[in-house]
Amino acid sequence: MNTLTATDTLTLEPPAPAGDDRLAAIARGGQFDAVVHPAVDREDATLEVRDFCLWYGPKKALHHIGMRIPRGKVTALIGPSGCGKSTLLRSVNRINDLLDTVRIEGDMLLNGDSIYAPGVDVIELRKRMGMVFQKPNPFPMSVYENVVYPRRIDGERSRAALAEVCERSLRRAALWDEVKDRLQESAMSLSGGQQQRLCIARAIAAEPEVLLMDEPCSALDPIATNKIENLIDELRGRYTILIVTHNMQQASRTSDYTAFMYLGHLVEYGPTADLFRKPRLRETEDYITGRFG
Amino acid sequence: MSGGRAAPRRERTALFAQGEPMIWLTGGGLALALAMIAGLLALVVVQGSVTLWPGPVTRVELNDGRAVMGEVARSESVGATGGDGPVRRRLFRTGNFELTGEHFQWVADSDIRAESRPEWALVVERTAWGRFYGAPQAFLLDGRAAASDPASAWAMYEQHRLAVQRRLRERQRLESRDIGRVNRRIESARLAVKSAELRHGMGSVPHREAVARFEAVERQGLAEHARLRGRIEALNRENARFQLALATADGWEQAIPLADIVRACAPNRLGLAAKWAVYGSRWLEFLSGAPREANSEGGVFPALFGTALMTVVMSVAVVPFGVMAALYLREYAKAGPLVSLVRIAINNLAGVPSIVFGVFGLGFFCYIVGGWLDRSFFAANLPNPTFGKGGLLWSALTLALLTLPVVIVATEESLAAVPNSMREGSYACGAGKWQTIRRIVLPRALPGILTGTILAMARGAGEVAPLMLVGAVKLAPELPVDAVAPFLHPERSFMHLGFHIFDLGFQSPNSEAARPMVFTVTLLLIALIFLLNLVAVLLRARLKKKFVTGAF
Ligand SMILES: Nc1ncnc2c1ncn2[C@@H]1O[C@H](COP(=O)(O)OP(=O)(O)OP(=O)(O)O)[C@@H](O)[C@H]1O
Ligand SMILES: [Mg+2]
């Protein structure tokens, strides 16, 4: 699907009077090929999404997504609400499998190995990915137990190792100073923003290869947001990060690559600098500059 | 159009839109429900707590020359026969059954010539024949009067009372413990003969040996019996020396052996503190003693104990199964018509009349399972059933079946209340299904599971109908737990508070005396269930704080 046409191929009837009708065409259900900048394909991909479609019951939420997520880079997913960003993210670690109504087509590859092939050890797969959900979901246990949960289920028993993991993860998630005296309190007693950072600490506690973050900063104040962006900066290079955000500045500040999605379609995907400075499509520019809609 | 057009006038908001009538309606419904519950509770609490209070003893002389003495149980107004308005009549608890053939007597106010509260009117609670009302006349020592006025007779009674009670307790111990031990030894030797006969055949060597052993044990046991009976008789003879002679209101004199007296008091002489002491001692006997007089007097300890033990065994049986079933239904089973069908079946099970469970328990547990156990392990005891009859275990299992839907539904509900985002978070960390259930879902659902469990316990503790079929009895000779190995005897039948209420209320030969006891036992049962519910609420609040909000 990743046809690198210089001009966007849009096979539609009736012919579009102006360029910005591509989105209207998508809304009508037309066939559409994403515009993918050539720079993406030169990267080594940790994760490769291949012609991926997903249905919630009868409703198709993802249409033939094809993306290569570069290794060690931060890739941002942007797009209007309901366009399928979370759905795509949740498909990567197969959390959507838990819903009975979900049906998929296509495949994803992690380091060249299929994620959706029959016989894949899903639990092992998920251990290689950390995930921060759109809404904070701390577990009903202490702050400490929350952070070390991924290590506990891996069978780690050593108190020293766990305590070390706990402190390191909380420091990275910019939460340590606030909770270091209340590690044994229930995680439910933290504020919303603290809970979200706790979930971030939990996601990185097991040192995953891929970090999936669904609007990690939506509930955070500017200071904590800044710290999380610093964390992302720090993790860059070691982890492959896929982050959903509604904040254009954040996307441009933190990410190396950006993908713009609309109604379940990938619209444009390329290096963040290119996408923000000289996008190939007017629609992308409109969305980024807020003229969209 | 000019700008001065008035805004369209709106009607005043209708009464129904404001919803005032609905507030009255719903509030009224609540008030009605509360009033009914409060009324029922008040009735039970008031009636239940006055039963054991030592009321004054009244003596009335009737126009026809007779005299009646006793406690006033209740009074009522009856339509007049003479035409001058309704007449009050009172029910006197007169006791003295062996003399009058009645425990109670109605007296109309119009028949009374004089009424008094004699100082020396004694209420004597006895081990048999019910209460005795009379004035102390003399204290008899070996049949001769050692004191012959009320005050000194009473003083002598107080002086000898404790020693007599001590001898009684010793006799009781000899009878129940020592004789029981001898009997059990003989019985087990007899069983050995029987099983040797079953295994090796009549006349075989092991059989003959067992017979010889049995005869030796029996000889020895009979000698032991004779010795124990001698000691018991000596105690009886000693106790029989002390008697209290009482004069009844209508002139009879009766000597009552001290050994027959459980408690005697002269309520008209007692101050408030002394009355409270009597009240307390009656409650103590009620809670810790065994019943007397066809359950209408004495205590309910065996019933209390049986209820508690049965409830515990039931919970041990029902909770693991209920929780496992709910876990499977909610966490593992794929939603579909089959699961819906199972759910409907479970809800229907909750609606099945409890007596049906009783019938099932009798047929399945007692006759099929119990019969099989008897044939396989207790063959020597046959034709006497061991497990093949009603008993504590079968009752507990029957009620476990009865309360299973409660536990399943409550557990399922609390599992469903665990947010899916928590499960997703756990899976995203690489946890497996069971790890997620054990570490996230169960702790979070625990308060709800416990509440369901305790509600099931309360339901089980209050259930009567099925128990009448599978093991609850009017009077159990032994508790299901005692000092005889194996200490817990789940095959024994037991007493139960709910069945006790039924028995007192509807089966008692002395129904007037039993009636107030119904309230007292009901009070006890309600208190027990209230306690269980209280524990449920507190536990839930605590766990909720721990796992859902707040601090550890
Ligand atoms: N569990 C579900 N069942 C059915 N439809 C769903 C489900 N989850 C999401 N959808 C639908 O799939 C589409 C994509 O949803 P998704 O949550 O991926 O959007 P999003 O891009 O993350 O939006 P937002 O920015 O608001 O989070 C939406 O139209 C949504 O209604
Ligand atoms: Mg989303």
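**View 1. Polar contacts between chain A and ligand 1.** A polar side-chain atom of A:K59 lies 2.9 Å from an oxygen atom of ligand 1, in a model that is predicted, so that local features need pLDDT of at least 70, side-chain atom pairs count only at pLDDT 80 or more, and totals for chains, interfaces and linings use all residues. Residues are numbered from 1 along each chain as its sequence is written, chains are lettered from A and ligands numbered from 1 in the order in which they are written, and side-chain values use heavy atoms, with hydrogens and water left out. The backbone also takes part, for a polar backbone atom of A:G82 is 2.8 Å from an oxygen atom of ligand 1, and a polar backbone atom of A:G84 is 3.0 Å from an oxygen atom of ligand 1. Ligand 1 taken alone exposes 630 Å², of which the protein buries 66%; accessible areas come from the Shrake-Rupley method with a 1.4 Å probe, and for residues only the protein chains shown count as cover.

**View 2. The shell of residues around ligand 1.** Ligand 1 is surrounded by 14 residues, where a residue is near a molecule if one of its heavy atoms lies within 4 Å of it. The closest of these residues are A:S81, A:G82, A:S86, A:T87 and A:H246. Sorted by class, the shell holds 4 nonpolar, 7 polar and 3 charged residues; here Ala, Val, Leu, Ile, Met, Phe, Trp, Tyr, Cys and Pro count as nonpolar, Asp, Glu, Lys and Arg as charged, and the others, Gly among them, as polar. The largest share of the shell, 3 residues, is supplied by α3(A).

**View 3. Residue A:D51 in a strand of chain A.** A:D51 belongs to strand β2 of chain A, which covers residues 45-56; strands (E, at least two residues) and helices (H or I, at least four) are DSSP runs, numbered from the N terminus. Although A:D51 is not a glycine, its phi is positive, at about 45°. Because its relative accessibility is 35%, A:D51 counts as partly exposed, a class between buried (under 20% relative accessible area) and exposed (over 50%), with a 1.4 Å probe and protein chains only.

**View 4. Chain A as the setting of these close-ups.** Chain A has 12 helices and 11 strands, and its C-alpha atoms fill a box of roughly 65 × 45 × 35 Å along the principal axes. Its radius of gyration is 20 Å, which agrees with the value near 19 Å that a compact globule of 293 residues would have; this radius is taken over C-alpha atoms, and the globule rule is 2.2 Å times the number of residues to the power 0.38. Of the 293 residues in chain A, 55% are buried.

**View 5. Residue B:W129 and its surrounding chain B.** B:W129 is found in the loop between β6 (122-126) and β7 (132-141) of chain B, and its phi is near 70°, a positive value in a residue other than glycine. Chain B has 15 helices and 13 strands. The radius of gyration of chain B is 32 Å, well over the 24 Å that the globule rule gives for 552 residues, so chain B is more spread out than a compact globule. Its C-alpha trace spans about 115 × 95 × 45 Å along the principal axes, and 43% of the 552 residues of chain B count as buried.

Methods. Polar contact = N/O pair within 3.5 Å; in protein donor to acceptor, adjacent residues only side chain to side chain.
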